[in-house]
Amino acid sequence: MKTLYIDTHCHLTSTEFQSDRLEVITAATSSGVEMICSAITPSEWQECLDLAAEFPNVHASVGLDPMLYQETESALSWIHMNSEKLVAVGEVGLDHYYLRDHAARELQEESFRRFIGLAAQVDLPLQVHSRSAGRRALQVLYDCDAKAVHLHAFDGKASLARTASEDHDYYFSIPTSIVRSQQKKKLAKAIHIEHLLIETDSPVLGPEKSKRNTPSNVNVALEETATILGRNPEELREIVLENTMRLYSRLRQG
Ligand SMILES: [Zn+2]
């Protein structure tokens, strides 16, 4: 099957796919979807690599849930050891939604900086989580002079995303929840078109809030974005696919 879409951020190793993971991957495959699976807890890391080894259209990205910042050391060494098998580092980042305590936020930020350093060292793109911390996450990335950055489900101001995509060459993925989110619609308009990606973040951020999301839905993000931008969907699909291949250079080698 020819690749039509790349779901740049999904969680196939989530327990929500425990009972039907194979069916979920098979359904996405038959819709022409490639997947970058992001594993963010230590128990998922190896499984993510195993999926990538088993399915040619599944690619592995390994990171750490920002709330698990105390496990940074083991994550850094695991990723370093397995970096040849990854297409990206992440997701990693900041989560100010759950973390309110100032001192804890500092520790989380220190962890984020170390992952930024690791991604540069192993020469891989970085998938960034920035819940309720969009401005701060960008500032940290700029301070660290981070390159090859992918911000997923960015919930910060659209103007910040515009600057990051236009002046800093950062990429942003629009999730399937764009169909029900005014903020994501604004975001889609603000991002420089050559820095636009799509994602499902499945099992979450689906077109319907209470329903489990799957990578097969990624076309919904593309089509809604095309509508918002007043673009031909097929034309936008090709642009987004090219953008993805430009950022994720290891997909070009496979
Ligand atoms: Zn995610």
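The model is predicted: local features need pLDDT of at least 70, side-chain atom pairs count only at pLDDT 80 or more, and totals for chains, interfaces and linings use all residues. Residue numbers start from 1 along each chain as its sequence is written. Helices (H or I, at least four residues) and strands (E, at least two) are DSSP runs, numbered from the N terminus.

**Helix α8 with helix α9**

- The axes of α8 (residues 218–229) and α9 (residues 233–247) come within 9 Å and cross at roughly 115 degrees; axes are lines fitted to C-alpha atoms, for helices over the stretch in contact, and angles run from 0 to 180 degrees between N-to-C directions.
- That angle makes α8 roughly perpendicular to α9 (under 35 degrees is roughly parallel, over 145 roughly antiparallel, 65 to 115 roughly perpendicular, and the rest oblique).
- Leu222, Glu223, Thr225, Ala226 and Leu229 of α8 make the contact with Pro233, Leu236, Arg237 and Val240 of α9, where contact requires C-beta atoms, placed from the backbone, within 7 Å.
- The residues in this contact of α8 with α9 are six nonpolar, one polar and two charged (Ala, Val, Leu, Ile, Met, Phe, Trp, Tyr, Cys and Pro count as nonpolar, Asp, Glu, Lys and Arg as charged, and the others, Gly among them, as polar).

**Helix α6 with helix α7**

- α6 (residues 158–167) and α7 (residues 182–190) pack at about 30 degrees, with their axes 8 Å apart.
- α6 is therefore roughly parallel to α7, and the crossing of α6 and α7 is right-handed.
- On the α6 side, Ala158, Ser159, Ala161 and Arg162 meet Lys186, Leu187, Lys189 and Ala190 of α7.
- The contact of α6 with α7 has four nonpolar, one polar and three charged residues.

**Backbone exceptions**

- Most residues other than glycine have a negative phi, and most peptide bonds are trans.
- Gly90 and Glu91 are joined by a cis peptide bond with omega about 10 degrees; Glu91 is in strand β4 (residues 88–95).
- The Ser202 to Pro203 peptide bond is cis, with omega near 15 degrees, and Pro203 is in the loop between β8 (196–199) and α8.
- Ser132, not a glycine, has a positive phi of about 55 degrees and lies in the loop between β5 (126–131) and α5 (134–143).
- Ser132 is partly exposed, with 15 other C-beta atoms within 10 Å (20 or more is buried, 12 or fewer exposed, in between partly exposed, with C-beta atoms placed from the backbone).
- Asp145, also not a glycine, has a positive phi of about 55 degrees; Asp145 is in the loop between α5 and β6 (149–152).
- Asp145 is exposed, with 9 other C-beta atoms within 10 Å.

Note on methods:
Two residues are in contact if their C-beta atoms, placed from the backbone, lie within 7 Å. A crossing is left-handed if the near helix is turned anticlockwise from the far one by less than a right angle, and right-handed if clockwise.
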